[in-house]
Amino acid sequence: MPTVVEFQVNSTFNIVAPDSVRVSGYPVPGPLTPGVDPDYRFRSSLLSDVLVWQRGLLAGEHHDGLWLTGPMGSGKSSLIRQVAARLNLPLIEVNAKTRLEVADLVGYRTALGGDVLFQDGPLTRALREGAWLLLDEVDLMEPGELVGLNTVLDGGPLVIPDNGG
Ligand SMILES: Nc1ncnc2c1ncn2[C@@H]1O[C@H](COP(=O)(O)OP(=O)(O)OP(=O)(O)O)[C@@H](O)[C@H]1O
Ligand SMILES: [Mg+2]
């Protein structure tokens, strides 16, 4: 886990805020950090929801997901991408098309030169790397599948029977 540094919210996101308002992030981008879109315009009210959520996660106050809802193209995915970009946070993005199952997010067993190895899916990788997992169009997933995320969202471990538990 890299050292955490503080960013001044006003200069980092180009919004009006007192200098004293700060948020934590990493000093440099990692391999999973999205690229900065210099034209992205942050709106304070939406940004503050994301930053409050992030602060609670870092402080260990909750393990909740953040549900963003709004019309097509209104900037839900790019808000998350650009907050991660400015704070140098790792982000893994998956499109949750209708058929996406939690098992796909966890991973699968694969044969490699006579060995059977477990290949991490995006959820497993995000947990290992401490990355945000962005599930685009998550409302298209079956509700019964989403229930499979409850243990992790409650702060429990991800147990993978296929990978020896
Ligand atoms: N605040 C903003 N500033 C600059 N560009 C923006 C902003 N909001 C959205 N855009 C641009 O609009 C386009 C659509 O945004 P985005 O993909 O984030 O929307 P979305 O809500 O996730 O859409 P969908 O529901 O289709 O997934 C992107 O190219 C994005 O860069
Ligand atoms: Mg989107």
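Predicted model: local features only at pLDDT ≥ 70, side-chain atom pairs only at ≥ 80, totals over all residues.

Reader: Into which domains is the chain divided?

Author: Domain bounds come from an automatic or database domain assignment. Here they give domain 1 (1-89) and domain 2 (92-146), with C-alpha centres 23 Å apart. The contact between them (heavy atoms within 4.5 Å) takes 13 residues from domain 1 and 11 residues from domain 2.

Reader: How do I read a nonpolar core?

Author: In soluble globular proteins, nonpolar side chains tend to be buried together. A core is a set of buried Ala, Val, Leu, Ile, Met, Phe, Trp, Tyr and Cys residues joined through side-chain atoms within 4.5 Å. Buried means under 20% relative accessible area, exposed over 50%, and partly exposed in between, using a 1.4 Å probe and protein chains only. The largest core here has 22 residues, and F13, F42, L51, V83, L87 and W132 have the most contacts inside it. At least two residues each come from α1 (9-13), α2 (44-58), α3 (76-87) and β6 (132-136); helices (H or I, at least four residues) and strands (E, at least two) are DSSP runs, numbered from the N terminus. α3 gives the most, with 5 residues. Another core lies apart from it, of 13 residues, among them L100, V102, F118 and L135.

Reader: Which residues does L87 touch?

Author: Leaving out residues up to four places away in sequence, L87 touches F7, T12, F13, V23, S24, G25, Y26 and L51.

Reader: Now the pockets. How are they found?

Author: On a 1 Å grid over the protein atoms alone, a pocket is an open set of points where a 1.4 Å probe fits, with protein on both sides within 12 Å along at least five of seven lines; lining residues have an atom within 4 Å of a point. Points are joined across faces, edges and corners, and the volume is the space filled by probe spheres set on them. The largest pocket holds about 1,500 Å³. Its lining has 46 residues, with W53, D64, G65, L66 and L133 nearest the centre. β6 contributes the largest share of that lining, 5 residues.

Reader: Why does the largest pocket lie between domain 1 and domain 2?

Author: Because both domains give residues to its lining. That lining divides into 26 nonpolar, 15 polar and 5 charged residues, where Ala, Val, Leu, Ile, Met, Phe, Trp, Tyr, Cys and Pro count as nonpolar, Asp, Glu, Lys and Arg as charged, and the others, Gly among them, as polar.

Reader: What is the volume of the second largest pocket?

Author: About 260 Å³. Of its 14 lining residues, R43, L46, S74, G75 and L79 lie nearest the centre.

Reader: And backbone angles?

Author: Most residues other than glycine have a negative phi. N14, not a glycine, has a positive phi of about 55°; N14 sits in the loop between α1 and β2 (22-25) and is exposed, at 70% relative accessibility. E137 also has a positive phi, near 55°, and is partly exposed at 42%.

Conventions
Residues numbered from 1 in each chain as written. Chains lettered and ligands numbered in written order. Heavy atoms only, no water.
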